[in-house]
Amino acid sequence: MAEKSPDFGFMATGIGSVPFLEVEATCREIIRFFPHMPFWPQFVKRSYLEDMSVQYSEGLPLLEVNEEKRSLTVSNSGERESELVNFYERFFSGDLESFAISEAYAPGLYTLMASLNEIKSDQTHYIKGQTVGPITFTSGILGLDGRPVIHDPELSEALVRGLAIKALWQVRMLEKSGRRPVIFLDEPSLSGFGSAFSSIQRQDVVDKLQMMISYLKDKSDCLVGIHCCGNTDWPMIMAVRPDIINFDAFEFIEHFLLYPDGIAEFLKKGGTIAWGVVPTSGFTGHESLKDLLKKVGGGIKKIAENGLNLQAIVERSIFTPSCGMGSMSPANARSAMSLLARLQVESTEGAFQGL
């Protein structure tokens with residue numbers, strides 16, 4: 001379905017992981033806090049199956065999950081060729097159901113959808129999902145040779161294609177809500193990319209990210225974002241042309257704003273910035289609404305100096321926490337969600353006018 005360019009106007013949403021255990025209550029709370037863009041929660045303290053990589057491993061070739069050992073590894077079955085053939089038969093035939101995320105692996109997805117179905121709304125907004133990104137996924141699984149799978153071209157290509165079709169299955173699932181899906185590719189492994197400690201090549205990053213983005217954009221009307229909770233090579237991320245770039249605006253806003261020309265160009269071409277301004281690591285509960293708005297306002301002002309008006313930037317902006325909330329205490333996570341909801345209300349009431 002065709003749709004005009006999105007006007008987010010600082011809608012608020014979450015990243016994915018939460019520290020809670022009560023699935024239904026959490027989903028209802030998320031809908032209350034983020035009515036315009038609810039996200040399905042990952043209950044990382046509830047089950048190892050909700051680990052950010054394990055959660056997306058079902059149906060992918062040559063992977064084994066061991067819940068007791070809390071491990072995701074490459075299978076030593078000796079059936080590499082036949083498993084890859086089977087995978088590609090399913091992939092190229094578009095067999096989405098064979099790549100489904102089951103309820104055991106993502107109860108938050110199914111429960112959020114059921115909760116939304118109970119709500120009658122005259123307005124169509126957005127619904128946010130997420131998947132582990134291709135770099136984080138393939139660099140976090142060791143092959144039989146002890147090296148990360150990202151260095152195995154044949155298997156890593158299959159796994160990235162597998163993530164792409166699993167994300168498309170998720171898009172189809174989210175579309176049933178009547179809202180436009182937004183899918184974030186979560187890429188914590190890109191933090192510090194380009195340092196002496198990173199053996200990953202820039203072109204490999206670009207190719208894998210572009211493959212997933214192109215696949216989803218060609219086959220659906222979803223919006224695709226890239227989330228990185230640390231500093232990274234932001235011009236590289238912009239060059240990949242996601243719809244949304246999500247960064248830790250609390251800790252790394254100065255690093256991000258080193259590229260005001262590139263950011264302005266990204267926005268002019270239809271991109272959106274998701275400002276992760278509410279901290280998750282080190283959250284105290286005493287964070288000031290005024291200070292957070294001031295921080296984002298300073299960023300908006302700098303970007304506006306490159307030929308964008310204020311309203312254009314606001315339309316292309318989202319609020320998120322700086323990262324997933326899974327490592328927070330339940331009390332702090334609720335406080336962070338409440339703060340995000342208040343930031344959305346405050347920003348829609350002209351908080352950035354007169355910059």
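Phenylalanine 87 is buried, at 0% relative accessibility. Its ring pairs with that of phenylalanine 91. This model is predicted. The structure holds 14 aromatic pairs and 14 salt bridges. Charged side chains also sit over rings, as with arginine 32 over phenylalanine 33.

**Aromatic pairs**

- A pair of aromatic rings is described by two values, the distance of the centres and the angle of the planes.
- Phenylalanine 87 and phenylalanine 91 form a stacked pair. The ring centres are 5.9 Å apart, with 25° between the planes. The stacked label applies because planes under 30 degrees apart count as stacked.
- Both residues lie in helix α2, which covers residues 80-92. Phenylalanine 87 and phenylalanine 91 are four residues apart there, so about one helical turn separates them.
- Phenylalanine 91 counts as buried too, at 6% relative accessibility.
- Ring pairs join Phe87, Tyr88, Phe91, Phe92, Phe99 and Tyr215 into a cluster.
- Among the 14 aromatic pairs is that of phenylalanine 34 and phenylalanine 39. The centres of these rings lie 5.9 Å apart. Their planes meet at 50°, so this pair is tilted.
- Phenylalanine 34 is buried, with a relative accessible area of 0%. Phenylalanine 39 is buried, with a relative accessible area of 0%.

**Charges over rings**

- Arginine 32 places its charged end over the ring of phenylalanine 33. The distance to the ring centre is 4.5 Å.
- Lysine 128 lies over the face of phenylalanine 184. Here the distance to the ring centre is 4.7 Å.

- Side chains of opposite charge can pair when their charged atoms come close.
- Arginine 334 and glutamate 29 meet in a salt bridge through their side chains, at 3.3 Å from N to O.
- Arginine 334 belongs to helix α12 (residues 330-348), and glutamate 29 to helix α1 (residues 23-33). The pair therefore ties together parts that are 305 residues apart in sequence.
- Arginine 334 is partly exposed, with a relative accessible area of 32%. Glutamate 29 is buried, with a relative accessible area of 14%.

- Aspartate 221 forms a salt bridge with arginine 180. The closest N and O atoms are 3.1 Å apart.
- Aspartate 221 sits in the loop between α6 (202-219) and β8 (223-228). Arginine 180 lies in strand β7 (residues 180-186).
- Aspartate 221 and arginine 180 are both buried.

- Lysine 208 and aspartate 204 form a salt bridge. The closest N and O atoms are 2.7 Å apart.
- These two residues are four residues apart in helix α6, so the separation is about one helical turn.
- Lysine 208 counts as buried, at 9% relative accessibility. Aspartate 204 counts as partly exposed, at 24% relative accessibility.

**A salt-bridge network**

- Salt bridges that share partners join Glu24, Arg28 and Glu118 into one network.

Terms used. Residues numbered from 1 in each chain as written. Predicted model: local features only at pLDDT ≥ 70, side-chain atom pairs only at ≥ 80, totals over all residues. Heavy atoms only, no water. Salt bridge = Lys/Arg side-chain N within 4 Å of Asp/Glu carboxyl O. Buried < 20%, exposed > 50% of the residue type's maximum accessible area, 1.4 Å probe, protein only. Phe/Tyr/Trp six-rings, centres within 6.5 Å; stacked < 30°, edge-to-face > 60°. Lys NZ or Arg CZ within 6 Å of the ring centre and 35° of its normal.
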